[in-house]
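This note sets out, point by point, what may be read from the structure shown below. It is written for a colleague who will examine the coordinates alongside the text.

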Amino acid sequence: MKIAGKTVLITGANRGIGQALVTEALRRGASRVYAGTRQPLTHPDARVTPLSLDVTDAAQIQAAARTVGALDVLVNNAGIALYDDLSDRGSLERHLAVNLFGTYGVTQAFLPQLISGQGAIVNNVSTMPLAPFPFTPAYAISKAAAFNLTQSLRALLAGRGVRVHAVLTGPTDTDMTRDFDIPKAAPQSVARAIFDGVENEEEDIFPDPMSAAIADSWRNGAVKAMERENAAFVTAAPTAA
Ligand SMILES: NC(=O)c1ccc[n+]([C@@H]2O[C@H](COP(=O)([O-])OP(=O)(O)OC[C@H]3O[C@@H](n4cnc5c(N)ncnc54)[C@H](OP(=O)(O)O)[C@@H]3O)[C@@H](O)[C@H]2O)c1
């Protein structure tokens, strides 16, 4: 899978990692980049088509899926992260609405295009499913669910020619981590590493120095082996994902 000549859709494309992914897809020669945003967007590159796409809005998702014809790569990048201490059920529901059900809803809507194009789904998850950060537990739970969704979709869609990648992103310098005084990767380098991972067909992508430090132990570990064993139960003709 090369990004050059491909049609790519990125959610949460107006800032942070999503904005960097738009720039990187264009740099690699994507023929069309659909930039999903909640607010109107303009872009100087004619290959960019703005799409109104709040990932919690079913009508907008359906309208976007009707607008986009062929699609090779869907990047589920939109996300929220709020401080909480698990005392507020509403906070957990808000995180799940965007980070889990948003990813789920957009993916389901674009599956026909992705299957017919033998494309790829790239879910920008986090390292939090592996080790939650106790100041944002609701976020971590939603990302753990999104990671599990990614693993199941990977198994279910393999027989239909769609690759499904999880990006286990570590701290990156965006609005989301503004209040954390810790080493952070630049969104531009994270975006490069994400598309490198897609082009190199890495199932799980570790796009920054912190996450890269655990990549080998994850890929060669017992849990990854169990994921592969479980995935092998899906027959050549999987049920509808
Ligand atoms: N930064 C990190 O350290 C880090 C680490 C691990 C994973 N990630 C993940 O990387 C992704 C991008 O994060 P970021 O760091 O770039 O954060 P960011 O700068 O806060 O950007 C978040 C993006 O998501 C969009 N968004 C939020 N809710 C949305 C909704 N309901 N529908 C559509 N778009 C929505 C935002 O749009 P608006 O401008 O309209 O709000 C914005 O474009 C997220 O999934 C995040 O969880 C980030």
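Is Lys224 buried or exposed? At 2% relative accessibility, Lys224 counts as buried. The points below place this residue in the wider picture; please bear in mind throughout that the model is predicted.

1. Lys224 and its partner. The side chain of Lys224 forms a salt bridge with Glu227, with 3.1 Å between the closest N and O atoms. Both residues belong to helix H7, which covers residues 222–231. They stand three residues apart, about one turn of the helix. Glu227 is also classed as buried, at 14% relative accessibility; the cut-off for that class is under 20% relative accessible area.

2. A network of charges. Salt bridges that share partners link Lys2, Glu24, Arg27, Arg28, Asp196 and Glu199 into one network. Within it, Arg28 and Glu199 meet through their side chains at 3.2 Å, N to O. Arg28 is in the loop between H1 and strand E2 (32–37), while Glu199 is in helix H5, so this pair ties together parts of the chain that are 171 residues apart in sequence. Arg28 has a relative accessibility of 15% and counts as buried. Glu199 is likewise buried, with a relative accessible area of 17%.

3. Arg15 and Asp175 form a salt bridge through their side chains, at 2.8 Å from N to O. Arg15 is placed in the loop between strand E1 (7–11) and helix H1 (16–27), and Asp175 in the loop between strand E6 (163–167) and helix H5 (187–199), so the contact ties together parts that are 160 residues apart in sequence. Arg15 is partly exposed, with a relative accessible area of 47%. Asp175 is partly exposed as well, its relative accessible area being 38%.

4. Charge across the chain. Side chains of opposite charge can pair when their charged atoms come close. In this model the count comes to 18 salt bridges. The protein chain carries 21 positive and 23 negative side chains. The centres of these two sets lie 6 Å apart.

5. Overall fold. The protein chain contains seven helices and seven strands. Read along the sequence, their order is β-α-β-β-α-β-α-β-α-β-α-β-α-α. The radius of gyration is 17 Å, close to the 18 Å that the globule rule gives for 241 residues, so the chain is as compact as a globular protein of that length. Taken along the principal axes, the C-alpha atoms fill a box of roughly 45 × 40 × 35 Å.

6. Interior and surface. Of the 241 residues in the protein chain, 48% are buried. The accessible surface comes to about 11,300 Å², and carbon and sulfur atoms account for 56% of that area. Among contacts with a separation of 6 or more, 66% are between residues 24 or more positions apart.

7. Thr172 and its surroundings. Thr172 is located in the loop between E6 and H5. At 3% relative accessibility, Thr172 counts as buried. Which residues does Thr172 contact, leaving aside its neighbours within four places in sequence? They are Ile17, Thr177, Lys184, Ala185, Ala186, Pro187 and Val190. Of these contacts, Lys184 is 12 residues away along the chain, and its C-alpha atom is separated from that of Thr172 by 4.6 Å.

8. Two residues with positive phi. Most residues other than glycine have a negative phi. Gln118 is not a glycine, yet its phi is positive, at about 50°. Gln118 is found in the loop between H3 and strand E5 (120–124), and counts as partly exposed at 47% relative accessibility. Glu201, also not a glycine, has a positive phi of about 60°. Its place is in the loop between H5 and strand E7 (204–205). Glu201 counts as partly exposed, at 39% relative accessibility.

9. Leu111. This residue lies in helix H3, which covers residues 89–116. Leu111 is buried, with a relative accessible area of 6%. Leu111 and Leu53 are separated by 58 residues in sequence and by 16 Å in space, C-alpha to C-alpha.

Definitions and conventions: Residues are numbered from 1 along each chain as its sequence is written. This is a predicted model: local features need pLDDT of at least 70, side-chain atom pairs count only at pLDDT 80 or more; totals for chains, interfaces and linings use all residues. Side-chain values use heavy atoms; hydrogens and water are left out. Helices (H or I, at least four residues) and strands (E, at least two) are DSSP runs, numbered from the N terminus. The radius of gyration is taken over C-alpha atoms; the globule rule is 2.2 Å times the number of residues to the power 0.38. Buried means under 20% relative accessible area, exposed over 50%, partly exposed in between (1.4 Å probe, protein chains only). Contact means heavy atoms within 4.5 Å. Accessible areas come from the Shrake-Rupley method with a 1.4 Å probe; for residues, only the protein chains shown count as cover. Lys and Arg count as positive and Asp and Glu as negative; His and the chain ends are not counted. The place of a charge is taken as NZ of Lys, CZ of Arg, CG of Asp or CD of Glu. A salt bridge is a side-chain nitrogen of Lys or Arg within 4 Å of a carboxyl oxygen of Asp or Glu.
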